[in-house]
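Here is a short report on one protein model. Please look over the sequence and the 3D view before reading on.

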Amino acid sequence: MSFQVACKQDLSPGNARMVTLQNSEGKELDIAIICDTEGDWYAIDDLCTHGEVSLSEGDIGKACVECWAHGAQFNLKTGEETLPAVSPVKTYPLKLEDQSVLVDLDS
């Protein structure tokens with residue numbers, strides 16, 4: 001595993017931000033860093049698999065995010081989706097260290 005700093009650990013519960021990170025192959029990926037309403041942290045692909053809009057702008061709940069455009073919901077732990085989305089989003093290992101959020105894009 002190769003963790004990299006994604007952002008500061010400064011989101012309040014129920015908020016998210018999009019960051020662009022680079023994997024080990026040099027590909028840039030837009031990642032949603034999410035602090036859910038319970039204060040748990042997650043990293044998922046930022047793009048909704050249904051409407052191709054930013055999930056970091058969606059409504060955050062307990063271990064889930066709802067796409068603001070069409071209401072598809074994604075489980076932040078597994079990436080599993082509800083209709084109208086028909087495919088999950090990728091989730092990434094995340095850890096909190098020294099007031100930073102670190103994400104592993106290569107696992």
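Ser 100 is buried, because its relative accessible area is 18%. Buried means under 20% relative accessible area, exposed over 50%, and partly exposed in between, with a 1.4 Å probe and protein chains only. This is a predicted model: local features need pLDDT of at least 70, side-chain atom pairs count only at pLDDT 80 or more, and totals for chains, interfaces and linings use all residues. Residues are numbered from 1 along each chain as its sequence is written, and side-chain values use heavy atoms, leaving out hydrogens and water.

Ser 100 lies in strand E10. Strands (E, at least two residues) are DSSP runs, numbered from the N terminus. Leaving aside neighbours within four places in sequence, Ser 100 is in contact (heavy atoms within 4.5 Å) with Val 5, Cys 7, Lys 8, Gln 9 and Lys 95.

**The sheets**

Strands pair if DSSP finds at least two bridges between them. The table lists two open sheets.

| E1-E10-E9 | antiparallel | E1 (3–8) and E9 (94–97) |

Take the three-strand sheet, E1-E10-E9. Its edge strands, E1 and E9, each pair on one side only. E9 and E10 (residues 100–104) pair over four bridges. Lys 95 stands opposite Leu 102 in E10. Lys 95 also lies over the face of Phe 3, at 4.5 Å from the ring centre. A charge sits over a ring if NZ of Lys or CZ of Arg is within 6 Å of the ring centre and within 35 degrees of the ring normal.

E4 and E8 pair over two bridges. Here Ile 44 stands opposite Thr 91 in E8.

**The cores**

A nonpolar core is a set of buried Ala, Val, Leu, Ile, Met, Phe, Trp, Tyr and Cys residues joined through side-chain atoms within 4.5 Å. Which members of the largest core touch the most other members? They are Ile 34, Ile 44, Leu 55, Val 65 and Phe 74, out of 16 residues. Strands E3 (28–35) and E4 (41–45) are the elements that give two or more residues to this core. A second, separate core has 15 residues, including Cys 7, Val 19, Val 101 and Leu 105.

Phe 74 has contacts beyond four places in sequence, among them Cys 48, Leu 55, Val 65, Glu 80 and Val 89.
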